[in-house]
Amino acid sequence: MEFRKLSNGELIMDYTAEARRVAQANKDQPTTPCSDPSAVHREAEEQVRRQGGNYRDGAVVLAQYRLQFGAYRGQTFRWMLENGLGYAAYIVESLRREKMTAAPLSLNKFAFKVISGNVFQGK
């Protein structure tokens, strides 16, 4: 993943212009039900294959999962981390107060937490 940085090497947590456009466009759209987690996984795996990536690498596939919630729903986890790192930090922090359930929304949020946590830990 490519992260935006200041000249001193610090990560830029603010949103890109593209992220602002996506959030505005999503604001005017009705909320749709979450996709089944297995469908989200299959779609991500297929995307990795199309890009010629290692579809057996769980982190690579996870990066292609699509957000099923929030202002950036429909964007890949990777896109979100590259275009709105501050949002990722916000989601990770907010999930400290939630317990994971078997609901598709919950599973998607916690999958996002996994990849975001890896980024924030430097993995």
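Which helix holds both Y87 and Y90, and how many residues apart are they? Both lie in helix 5 (residues 85-94), three residues apart, about one turn of the helix.

## Model and confidence

This is a predicted model; local features need pLDDT of at least 70, side-chain atom pairs count only at pLDDT 80 or more, and totals for chains, interfaces and linings use all residues. Residues are numbered from 1 along each chain as its sequence is written, and side-chain values use heavy atoms, with hydrogens and water left out.

The protein chain averages a pLDDT (the predictor's confidence in each residue, from 0 to 100) of 91. At least 70 is reached by 96% of the residues. Among the elements, helix 2 (residues 37-50) has the highest mean, 98. Helix 6 (residues 104-120) has the lowest, 88. Helices here are DSSP runs of H or I, at least four residues, numbered from the N terminus.

## Aromatic pairs

The whole structure holds seven aromatic pairs. Rings of Phe, Tyr and Trp (its six-membered ring) pair if their centres lie within 6.5 Å; planes under 30 degrees apart count as stacked, over 60 as edge-to-face, the rest as tilted. F77 and F112 have ring centres 5.1 Å apart and planes at 80°, so this pair is edge-to-face. F77 lies in helix 4 (residues 77-83) and F112 in helix 6, so the pair ties together parts 35 residues apart in sequence. F77 is buried at 0% relative accessible area. F112 is buried too, at 0%. Buried means under 20%, exposed over 50%, partly exposed in between (1.4 Å probe, protein chains only).

The rings of Y87 and Y90 have centres 6.3 Å apart and planes at 35°, so the pair is tilted. Y87 is buried, at 9%. Y90 is exposed, at 52%.

## Nonpolar core

A nonpolar core is a set of buried Ala, Val, Leu, Ile, Met, Phe, Trp, Tyr and Cys residues joined through side-chain atoms within 4.5 Å. The largest has 26 residues. F77 and F112 are among those with the most contacts inside it, as are Y65, L67, Y72, M80 and I115. Helix 1 (17-27), helix 2, helix 3 (58-63), helix 4, helix 5 and helix 6 each supply at least two residues of this core.

I115 touches M1, A59, L62, A63, F77 and L81, leaving aside residues up to four places away in sequence. Contact here means heavy atoms within 4.5 Å.

## Charged side chains

Side chains of opposite charge can pair when their charged atoms come close. Six salt bridges are found in the whole structure. Each needs a side-chain nitrogen of Lys or Arg within 4 Å of a carboxyl oxygen of Asp or Glu. E82 and R78 meet at 3.0 Å, N to O. Both lie in helix 4, four residues apart. E45 and R49 meet at 3.8 Å. They share helix 2, also four residues apart. R49 is partly exposed, at 46%. Its charged end also sits over the ring of Y55, 3.8 Å from the centre. That label requires NZ of Lys or CZ of Arg within 6 Å of the ring centre and within 35 degrees of the ring normal.

K109 forms a salt bridge with E98, the closest N and O atoms being 3.5 Å apart. This pair links distant parts of the chain: K109 is in helix 6, E98 in the loop between helix 5 and helix 6, eleven residues apart. K109 counts as buried, at 18%. E98 is partly exposed, at 33%. The charged end of K109 also sits over the ring of F69, 6.0 Å from its centre.
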